[in-house]
Amino acid sequence: MNRADRLTNVGLLTVALAAWVAVALIMVTFDPRANASALLAGALTLGAALTGTLTPLLWLVGFALQGRIAYRGDWWRAARRAALVGLIVAIFIVLRGEQALNLPLALFVVAMAVLVELTLSLRR
């Protein structure tokens with residue numbers, strides 16, 4: 001792990017901390033049942049906070065599993081997977097807030113995310 005990787009990890013975790021503060025602020029000050037824009041803002045900030053938190057963690061897991069060797073494209077792979085998780089969470093929150101979330105729809109959203117990840121990771 002070189003200096004750029006360390007700085008990227010610290011920077012992303014700092015951004016994630018700021019996003020978690022924004023999530024806490026939105027959850028304390030707004031009621032998502034009364035305001036649809038508060039629901040959407042809360043879902044997007046929670047998705048962004050999860051993405052910012054998971055990106056360095058997924059990169060570190062890949063780094064450790066590859067024998068402490070950082071390969072080209074590892075950051076993009078970690079960011080893509082974290083973004084998929086953040087997007088799934090944001091979709092689930094919006095659907096739950098609109099009382100439209102059910103098991104078949106949730107399984108469909110997860111299956112589509114898995115399909116996207118498989119398509120992009122098997123492209124090589």
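Colleague: Which residues line the largest pocket, and which element gives the largest share of them?
Modeller: This is a predicted model. In it, the lining of the largest pocket consists of Val23, Ile26, Met27, Phe30, Pro32, Ala38, Leu39, Gly42, Ala43, Thr45, Leu46 and Ile93. Two elements, α1 (3-29) and α2 (36-65), each give two or more residues to that lining. The largest share, six residues, comes from α2.

Colleague: What volume does the largest pocket have?
Modeller: A general point comes before the number. Rolling a probe the size of a water molecule over the atoms shows where empty space is left. For the largest pocket, the volume is about 150 Å³.

Colleague: Which elements does the chain have, and in what order do they run?
Modeller: The chain has zero strands and four helices. Its C-alpha trace spans about 50 × 30 × 15 Å along the principal axes. From the N terminus on, the order is α-α-α-α.

Colleague: Are α1 and α2 roughly parallel or roughly antiparallel?
Modeller: Start with the angle. The axes of α1 and α2 cross at roughly 155° and come within 8 Å. Angles over 145 degrees count as roughly antiparallel. Therefore α1 and α2 are roughly antiparallel.

Colleague: Is the crossing of α1 and α2 left-handed or right-handed, and how many charged residues are in the contact?
Modeller: The contact of α1 with α2 has 16 nonpolar and six polar residues. As for the hand, α1 passes α2 in a left-handed crossing. The charged residues in this contact number one.

Colleague: How do α3 and α4 lie to each other, roughly parallel or roughly antiparallel?
Modeller: Helix α3 covers residues 74-97 and helix α4 residues 103-121. Their axes are 11 Å apart, and the packing angle is about 165°. The cut-off for roughly antiparallel is over 145 degrees. So the two helices are roughly antiparallel.

Colleague: Which residues of α3 make the contact with α4?
Modeller: The crossing of α3 past α4 is right-handed. From α4, the contact residues include Leu105, Val109, Val116, Glu117 and Ser121. By class, the contact has 12 nonpolar, one polar and three charged residues. From α3, the contact is made by Arg80, Arg81, Leu84, Ile88, Ile91, Phe92 and Leu95.

Definitions and conventions:
Residues are numbered from 1 along each chain as its sequence is written. This is a predicted model: local features need pLDDT of at least 70, side-chain atom pairs count only at pLDDT 80 or more; totals for chains, interfaces and linings use all residues. Side-chain values use heavy atoms; hydrogens and water are left out. Axes are lines fitted to C-alpha atoms, for helices over the stretch in contact, and angles run from 0 to 180 degrees between N-to-C directions. Angles under 35 degrees count as roughly parallel, over 145 as roughly antiparallel, 65 to 115 as roughly perpendicular and the rest as oblique. A crossing is left-handed if the near helix is turned anticlockwise from the far one by less than a right angle, and right-handed if clockwise. Contact means heavy atoms within 4.5 Å. Ala, Val, Leu, Ile, Met, Phe, Trp, Tyr, Cys and Pro count as nonpolar, Asp, Glu, Lys and Arg as charged, and the others, Gly among them, as polar. On a 1 Å grid over the protein atoms alone, a cavity is a set of points where a 1.4 Å probe fits but cannot get out, and a pocket is an open set with protein on both sides within 12 Å along at least five of seven lines; lining residues have an atom within 4 Å of a point. Grid points are joined across faces, edges and corners, and a volume is the space filled by probe spheres set on the points.
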